[in-house]
Amino acid sequence: MAPNCMNMKWRKEVLTFLDFLPLKPEHQQLIVDAGALTHLVELLKRHKSADNSRAVNGVVRRAADAITNLAHENSGIKTRVRIEGAIPFLVELLEHADNKVQRAAAGALRTLAFKNDDNKKQIVECHALPTLVIMLRSEDTAIHYEAVGVIGNLVHSSPHIKKEVLLAGALQPVIGLLSSSCSESQREAALLLGQFAAADSDCKVHIVQRGAVKPLIDMLDSSDVQLKEMSAFALGRLAQETHNQAGIAHNGGIVPLLSLLDSKSGPLQHNAAFTLYGLVDNEDNVADLIMAGGFQKLQDGEFIVQQTKDCVAKTMKRLEEKIHGRVLNHLLYLMRVSERNVQRRIALALAHLCTADDRKVIFLDKNGLDLLLGLLESGSLKQQHEGSVALYKLATKATPVSPVDAAPLSPTPQVYLGEQYVNNPTLSDVTFLVEGKRFYAHRICLLASSDAFRAMFDGGYRERNAKDVEIPNIRWEVFELMMRFIYTGSVEVDIDIAQDLLRAADQYLLDGLKRLCECTIAQDISVENVSLMYELSEGFNAMSLREACILFILEQFDKLCTKPWSSCLIQRIMPEIRNYFEKALSKPANQS
């Protein structure tokens, strides 16, 4: 065998060894310190020799591959490669007749350009861009994959290079790679378009005009998580322009983006959420998103990272800001003419998003309340959950304070005798007999307190002229508290005595005391006793307590559903729930 052939074979074997050697950083440095780079650059020059044989091409290709391996994730060696003068020869090799050599050279340049500004600058100065742009159009997937990778690393964090790449005509071939049979090329192209879109508004528009939206949306349905992530990233950047927002939605982007909110990949989930945030900035997209169940997806989604949670919160706020004018009118039209599921989705969203001024129109005049109540009566636990959450939200908007706190005060101002006259025989003109004990009272105070006492002492009852009045059905401590309220206008009501005191207050028509009792009892409502509390409110016409029970049932609906008696309770109180909302929603917004 001739000496040159033997040397060539030896070099190929060494280069092959470097190709397959899994290099650690310390091993990379040892090889470079031993002078390997100088020899590798000399081998790159071989492509200029007259002997452009298969063996020479193999050596040149392996030399480029060896540089890639040595410089991989090693910024110091990347700089050494440039100092040794390898970059100009690698750029020349991009035009080599052998596709494998082209690919190897592009792979080396890709590695050298990654996070190394000086290397990027020299690659561009060596006029690599025109050749790289041509390579983007290659039918060889390996070549256009490496070419788009080089360009991606060149433009990363380099706005001036980004402009030069666009001037070199890279935009359309990069868009073309979105339809490549190579998913890795598609992924790199989508990432690159996202980087292009950050340059300026014009570029965002040009990307869409040149046909990028449809293939990007198609990529959202890929089984490749990284491909979906890069596609959503690009669409998120494009969605920062008004007309692009409408175009992405029109081309069917909303539904697959909503589906990606269920992804277990944090970056993919975030990119989808960010894109949706952009889309809802356009009023033309709001109804489409709500019709597709987007509000429920955003509301119920389990988001992995805090950044995504913040993005979703901003999206919900942006949606809320859009629910007025033509958007609201469009939604109300759809709530009237669409199929039942869509009507319900709209009603659910509006319960959370509408303003106080629009509540009556939406839920009374346009029958939104019927849709929400229908969900509550549905046989589907999911629909019941959604309905109860929406109704509770609507209730808290309509009545921002608790029903007990919101109860009206007595319309008649009252003057009280004071604490010192409670059970005081001084000037007493009537005595009550309670459990065999005397309680001294004053008619003037009792007459002023309620219609019941006025009827007792001014009407035709026997108590009118009686000195002693027997009270057979009230315990002493309950009666004493009731009288203390009559004399002072206030009293501390403990939960242990609240129900008995409520009965007494109802019997003697003491509305103020009744409210105090209802307030105390309402604090004690639980999943286990809410049914009994509701019965109590019915028995003593305790409207505030009844409303508190309704709100509790709506708020704790999921827990109540586990109880065997829950369905009967819900059916029983449905008329009262309707009455509650009709009354609350009929009030002007400033009186809610």
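This is a predicted model: local features need pLDDT of at least 70, side-chain atom pairs count only at pLDDT 80 or more; totals for chains, interfaces and linings use all residues.

Local features need pLDDT of at least 70 and side-chain atom pairs count only at pLDDT 80 or more, while totals for chains, interfaces and linings use all residues, and side-chain values use heavy atoms, with hydrogens and water left out.

Start with residues 99–113, helix 7 (helices are DSSP runs of H or I, at least four residues, numbered from the N terminus). Its 15 residues reach 21 Å from first C-alpha to last, close to the 21 Å expected at 1.5 Å a residue (that is 1.5 Å times one less than the number of residues). Twelve of the 15 are buried, meaning under 20% relative accessible area with a 1.4 Å probe, protein chains only. Now pick D98, which caps the N-terminal end: a side-chain oxygen lies 2.8 Å from the backbone nitrogen of K100. After the helix comes K115, with a positive phi near 55 degrees.

Still in helix 7, select R110, one of the buried residues. Its charged end sits over the ring of Y145, 4.6 Å from the centre (CZ of Arg or NZ of Lys within 6 Å of the ring centre and within 35 degrees of the ring normal). Jump to R318 for another case: R318 lies over the face of Y277, at 3.8 Å.

Finish with F432, F439, F453, W476, F479 and Y508, which form one aromatic cluster.

Definitions and conventions
Residues are numbered from 1 along each chain as its sequence is written. Rings of Phe, Tyr and Trp (its six-membered ring) pair if their centres lie within 6.5 Å; planes under 30 degrees apart count as stacked, over 60 as edge-to-face and the rest as tilted. Helices (H or I, at least four residues) and strands (E, at least two) are DSSP runs, numbered from the N terminus. Buried means under 20% relative accessible area, exposed over 50%, partly exposed in between (1.4 Å probe, protein chains only). A polar contact is a pair of N or O atoms within 3.5 Å; within protein, one must be able to donate a hydrogen and the other to accept it, and residues adjacent in sequence count only if both atoms are side-chain atoms.
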